[in-house]
Amino acid sequence: MADLLVVGSVAFDTVRTPFGKADEVLGGSATYFSYAASFFTGVRLVAVVGADFPKAHLELLARRGVDLTGLQVADGPTFRWAGEYGYDLSEAKTLDTRLGVFADFRPTLPEPFRRTPFLFLANIDPDLQLNVLRKLERPRLCALDTMNFWIQGKREALQRVVAEVDALVVNDAEARMLTEEPNLVKAARRILGYGPRIVVIKRGEYGVLMATDGRFFFAPAFPLDSVYDPTGAGDTFAGGFMGALARAGTLDEAALRRAIVYGSVMASFTVEDFSLNRLLRLEPREIEERYHAFREMMRLEQ
Ligand code: AMP
């Protein structure tokens with residue numbers, strides 16, 4: 001049963017970190033999201049690629065059971081993103097964004113997709129996010145991610161879609177830019193005022209802050225001794241978070257908190273290698289082991 005729908009980018013990424021370089025590798029917000037979420041629930045993907053996109057990349061998603069009937073193959077080049085990170089790996093500097101086939105993309109949803117209970121609007125043009133949201137019949141939970149590219153370039157369209165979602169999942173720099181508020185606690189409250197009832201702020205190696213109804217929950221990042229490439233950490237987090245919620249089937253505070261930890265677990269794998277390489281080697285057993293290590297690490301009483 002496919003419970004979770006994602007619309008976002010499927011991309012070729014070129015990434016430079018102080019620890020290595022990857023050229024034109026598999027990336028994209030919807031790619032990381034759907035691969036991560038597939039460990040928890042059935043996933044449906046809506047996106048577009050160009051004719052230059054290798055079938056082998058799509059097979060990686062299909063092998064995880066991701067439903068690709070909403071993926072269009074269009075004439076023209078696949079979306080491409082190039083970025084680099086400094087030594088602290090905290091924020092990607094975008095070197096190049098080429099929309100390619102996304103410039104003229106009109107999402108068409110296969111009929112059964114319209115009744116998917118969980119929706120994730122991954123980082124993509126906010127007009128496309130709204131287009132997909134409007135096509136769904138009352139999802140139980142709709143969450144949205146975005147980035148500086150869209151906050152600066154399409155603020156009004158973004159504000160429109162933010163007002164209609166249940167949850168916003170962004171990183172700290174995006175939360176500050178969106179609200180024009182440097183203090184993250186105030187930024188979270190301001191976002192709650194825009195409409196969402198759940199705000200999740202990802203803070204890289206400093207963990208994740210969730211605000212719901214004036215309550216805060218904080219989870220640290222999993223301590224790792226080898227981090228190679230943070231690309232996709234945010235989308236993988238979101239995939240684990242939404243996947244765990246769809247699997248749990250409840251949306252109470254306890255389920256949200258567990259989902260935050262599952263999201264953090266999934267992100268901790270992605271950053272251990274370039275592209276989706278670590279996720280491709282991931283065993284479900286490792287997810288549970290790290291989840292339990294997380295709980296142990298966060299426990300106050302011995
Ligand atoms: P993150 O999880 O935040 O590190 O997101 C990284 C992914 O976002 C990369 O794989 C990129 O292909 C994708 N990406 C970068 N810029 C954009 C954009 N403007 N729109 C959609 N996806 C993007």
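By class, the shell around the ligand consists of nine nonpolar, seven polar and two charged residues. In this classification Ala, Val, Leu, Ile, Met, Phe, Trp, Tyr, Cys and Pro count as nonpolar, Asp, Glu, Lys and Arg as charged, and the others, Gly among them, as polar. The structure is a predicted model, in which local features need pLDDT of at least 70, side-chain atom pairs count only at pLDDT 80 or more, and totals for chains, interfaces and linings use all residues. Residues are numbered from 1 along each chain as its sequence is written, and side-chain values use heavy atoms, with hydrogens and water left out.

The ligand is surrounded by 18 residues, of which Ser9, Asp13, Gly28, Gly232 and Asp235 are the closest; a residue is near a molecule if one of its heavy atoms lies within 4 Å of it. Of the 510 Å² of accessible area that the ligand has on its own (Shrake-Rupley method, 1.4 Å probe; for residues, only the protein chains shown count as cover), the protein covers 91%. Strand E2 (11–17), strand E6 (79–84), helix H4 (148–153) and helix H8 (233–248) each give two or more residues to the shell. H8 supplies the largest share, three residues. Helices (H or I, at least four residues) and strands (E, at least two) are DSSP runs, numbered from the N terminus.

Strands E2 and E6 belong to an open sheet of four strands in the order E3-E2-E6-E7, with mixed pairing; two strands pair if DSSP finds at least two bridges between them. Its edge strands are E3 (20–27) and E7 (93–98), each of which pairs on one side only. E6 and E7 run antiparallel and are joined by five bridges, with Arg80 opposite Arg98 in E7.

A second open sheet contains nine strands in the order E5-E4-E1-E8-E9-E10-E11-E12-E13, also with mixed pairing. The edge strands here are E5 (67–74) and E13 (215–219), each pairing on one side only. E10 (residues 167–171) runs parallel to E11, to which five bridges join it, and Asn171 has Lys202 of E11 as its bridge partner. E11 in turn pairs with E12 (residues 208–212) in the antiparallel sense over five bridges, where Lys202 is partnered by Val208. The hairpin of E11 and E12 has five residues between the strands, and Gly204 takes a positive phi near 55°. E12 and E13 are antiparallel and share five bridges; Leu209 has Phe218 in E13 as its bridge partner.

Helix H1 (residues 29–37) is largely enclosed by the rest of the structure, because nine of its nine residues are buried.

Key: Buried means under 20% relative accessible area, exposed over 50%, partly exposed in between (1.4 Å probe, protein chains only).
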